[in-house]
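Here are my notes on this one, in numbered points. Have the sequence and the model open while you read.

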Amino acid sequence: MTEKVKHVLGLSGGKDSSALALFVKETYPELDVEYFFTDTGYELPETNEFIDQLEEKLGYIHRLNARSLNNIEGRGEKDFAHLLKEHGNYLPSQRDRWCTVQMKLKPFEQWLDSFIKDGYKIKNYVGIRADEPERSGYMTIEKPIESVFPFREHGIVRSDIENILQRNGLELPEYYKWRSRSGCTFCFYQRKIEWVKLMEKHPDLFEEAKAFEKGDANNTTVGERFYWMGQGQPLETLEEPAVQIRIIENHEKKVERFNKKKRRNALLDDKEGYCEFSELDDIYDEAEGGGACVTCYK
C-alpha cells in the first residue's frame with residue numbers, strides 16, 4: 001500500500017521561508033506542496049502585501065486563522081485581546097511565548113489534523129539554512145510530522161537567499177527598510193529602534209500595542225506590570241523626543257561601527273535602508289533572529 005504523504009511549507013513573510021518556497025518549487029517541481037501562512041490578524045501591512053506577491057509566484061497560499069479553519073474567507077481575526085485576558089493580562093515575553101503557541105502553532109496543528117485524520121504522513125519543509133546548525137524545526141512525538149530541511153541538504157546559506165528571491169522577480173519585503181524580521185506588529189523581540197520606527201511608520205499599530213500594555217478595564221494583573229520592552233519600560237516613554245533622539249543616536253553609532261568592520265555586499269549597495277535593518281542582528285552583535293521564534297520570523 002502506497003504511503004500517503006502531504007507536503008506542507010509555512011510562510012512567515014520573512015525572507016528565508018519565502019526563498020525556501022521558491023527554491024522547493026524550482027528544485028522539486030514534481031512535489032505537490034501546500035503553502036500556508038498563519039495569519040494572526042496582527043501582521044504588518046507590508047507582510048500581507050508580500051504574501052500576496054508570493055501567491056502570484058507560488059499559487060494558492062492557505063491563510064490559517066480561526067476564520068479560514070471554519071471555512072470563512074478573510075484575514076486573521078483580532079483576538080489577541082481575548083487571549084491576553086485569558087492569560088491574566090500578562091503580555092507574552094521571551095520567558096513565556098504563549099502568543100506563538102496560541103496564534104501560530106495551534107492553527108497550524110488544527111489544519112494538519114484534518115490531513116492526519118485522513119491517513120496522511122506530513123512532511124513539513126522548514127527554511128533553516130546550512131549555516132544554522134544550532135536551529136531545529138517543528139518537533140512533535142505525538143503526530144506523524146517530519147521536518148525537512150532543503151537548504152541544509154543543498155548547502156544554501158544566508159548569502160544565497162536574496163539571489164533566490166531576485167531570480168524569481170522578488171525583492172526583500174518592504175518592512176526590511178525599517179525592521180529586522182516579520183512577525184506580529186507588537187512582537188516583544190523588537191529592539192527599541194524598531195519600536196521607534198513602528199511609531200513612525202504605523203502610528204495606529206503603535207497605539208494598539210500601547211493599549212495592550214494597559215490590559216482591560218477589569219485588569220487582574222497582580223504585582224509589577226510587564227511591558228513589551230521589559231519591566232518598567234512602557235512604550236509611551238518612546239514618545240518623548242529626548243528618548244527618541246538617544247535611541248536613534250545609539251543605533252547610528254552601532255551601525256557606523258558595524259560598517260567599519262564589514263565588507264559591503266555589492267547587491268545591496270544601491271538599496272538604501274535594506275542592508276542596515278536586514279543585518280540588525282549582526283549590528284547589535286546578537287545571534288540571528290535574536291532568539292525569536294523560527295515559526296514567526298523565518
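1. Start with the open sheet: five parallel-paired strands in the order 3-2-1-4-5. Strands here are DSSP E runs of at least two residues, helices are H or I runs of at least four, both numbered from the N terminus, and two strands pair if DSSP finds at least two bridges between them. Strand 3 (61–64) and strand 5 (145–148) sit at the edges with a single partner strand each, so one side of each has no neighbour in the sheet.

2. Before going on: this is a predicted model, where local features need pLDDT of at least 70 and side-chain atom pairs count only at pLDDT 80 or more, while totals for chains, interfaces and linings use all residues. Residues are numbered from 1 along each chain as its sequence is written, and side-chain values use heavy atoms, without hydrogens and water.

3. Look next at strand 1 (residues 5–10) and strand 2 (residues 33–38), which pair in the parallel sense over four bridges. Across that pairing, V8 has E34 of strand 2 as its bridge partner.

4. Which residues have the most contacts inside the largest nonpolar core? They are W195, W228 and L238, in a core of 64 residues. A nonpolar core is a set of buried Ala, Val, Leu, Ile, Met, Phe, Trp, Tyr and Cys residues joined through side-chain atoms within 4.5 Å; buried means under 20% relative accessible area (1.4 Å probe, protein chains only). Helix 1 (residues 15–27) gives the most to this core, with six residues. Another core, of nine residues, lies apart from it and includes V8 and L64.

Definitions and conventions:
Buried < 20%, exposed > 50% of the residue type's maximum accessible area, 1.4 Å probe, protein only.
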